[in-house]
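Please keep the structure open beside you as you read.

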Amino acid sequence: MVNVMLSTGFLVITDITGYTAFLTQSELEHAQDILNELFNAQLNYFQPPLVLNGFRGDAILAYLPEGKIVQGQTLLELLEQVYAAFTELREKMVHNTTCTCRACRNIPFLDLKMFVHFGEYLLQKTGDREELIGPDVILVHRMLKNDVKEMTGVQAYALLTEAAVAVMQLGDL
């Protein structure tokens, strides 16, 4: 039996920049250890009211139900903490390793992008799994395919939809 519940809230994706090149140009076993540590550094901040929904390869998908934060600035501060944890660990890895393998040499090329949208979603429960579904979930996934880096040269960034900015009451960013 499938149980589906319509909700509104923030949909959040963090995505590791350089992931594909890192895996294809590095020793897989060592690369996996590095990636696990970088994912775990992020996961320390994916705590309630932010709900972890799952992994999508190089990305983490989470949601924040409407009304679970007092002000929009709180979500931005959380994302800033996630990015700081990621970059601090990455820099620590770079400076503390004496390993010369390709995986360790490629650590500096990893970075983090974040995507935030506010919209409707269905939380579909099937057995012991929960999956976010709906047009707004698709939209936040499509945000990953953009030309921000090509247009700006910026590799790490947070991209928020107008809907997210409006609900967060942030004004013009």
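1. I begin in the middle of a hairpin. In strand 3, Ala-62 is the bridge partner of Leu-52, and Tyr-63 of strand 3 is the bridge partner of Val-51. Strand 2 (residues 51-56) and strand 3 (residues 59-65) run antiparallel and are joined by five bridges. Two strands pair if DSSP finds at least two bridges between them. Helices (H or I, at least four residues) and strands (E, at least two) are DSSP runs, numbered from the N terminus.

2. A word on the source, before going further. This is a predicted model, in which local features need pLDDT of at least 70 and side-chain atom pairs count only at pLDDT 80 or more, while totals for chains, interfaces and linings use all residues. Residues are numbered from 1 along each chain as its sequence is written, and side-chain values use heavy atoms, with hydrogens and water left out.

3. The turn of this hairpin deserves a look. Two residues lie between strand 2 and strand 3, and Gly-57 there takes a positive phi near 70 degrees. Pro-49 belongs to the loop between helix 2 (28-43) and strand 2.

4. Is strand 3 largely enclosed or open? Seven of its seven residues are buried, so strand 3 is largely enclosed by the rest of the structure. Buried means under 20% relative accessible area, exposed over 50%, and partly exposed in between (1.4 Å probe, protein chains only). Ala-59, Leu-61, Tyr-63 and Pro-65 point one way from strand 3, Ile-60, Ala-62 and Leu-64 point the other way, and all are buried.

5. Now to the whole chain. The protein chain has seven helices and six strands, in the sequence pattern β-α-α-β-β-α-α-β-β-α-α-β-α. Its radius of gyration is 17 Å, close to the 16 Å that the globule rule gives for 173 residues, so the chain is as compact as a globular protein of that length. The radius is taken over C-alpha atoms, and the globule rule is 2.2 Å times the number of residues to the power 0.38. Along the principal axes, the C-alpha atoms fill a box of roughly 50 × 45 × 25 Å.

6. Of the 173 residues of the protein chain, 44% count as buried. Among contacts between residues at least 6 apart in sequence, 72% join residues at least 24 apart; contact means heavy atoms within 4.5 Å.

7. The largest pocket holds about 290 Å³ of space. Its lining has 16 residues, and the closest to its centre are Asp-15, Thr-17, Lys-113, Leu-144 and Lys-145. A pocket is an open set of points on a 1 Å grid over the protein atoms alone, where a 1.4 Å probe fits, with protein on both sides within 12 Å along at least five of seven lines; lining residues have an atom within 4 Å of a point. Grid points are joined across faces, edges and corners, and a volume is the space filled by probe spheres set on the points.

8. Which elements supply at least two residues each to this lining? They are strand 1 (2-17), helix 1 (19-24) and helix 6 (148-152), and strand 1 gives the most, with three residues. By class, the lining of the largest pocket has four nonpolar, six polar and six charged residues. Ala, Val, Leu, Ile, Met, Phe, Trp, Tyr, Cys and Pro count as nonpolar, Asp, Glu, Lys and Arg as charged, and the others, Gly among them, as polar.

9. Asp-15 itself lies in strand 1 and counts as buried because its relative accessibility is 5%. Leaving out residues up to four places away in sequence, Asp-15 touches Asp-58, Ala-59, Asp-111, Leu-112, Lys-113, Phe-115 and Leu-144.

10. The second largest pocket has a volume of about 160 Å³. Its lining has eight nonpolar, no polar and two charged residues. Helix 3 (72-96) and strand 4 (111-126) each supply at least two lining residues, and the largest share, five residues, comes from helix 3.

11. Helix 3 also holds Val-82, which counts as buried at 1% relative accessibility. Not counting residues up to four places away in sequence, Val-82 touches Thr-14, Gln-42, Tyr-45, Phe-46, Leu-112 and Met-114.
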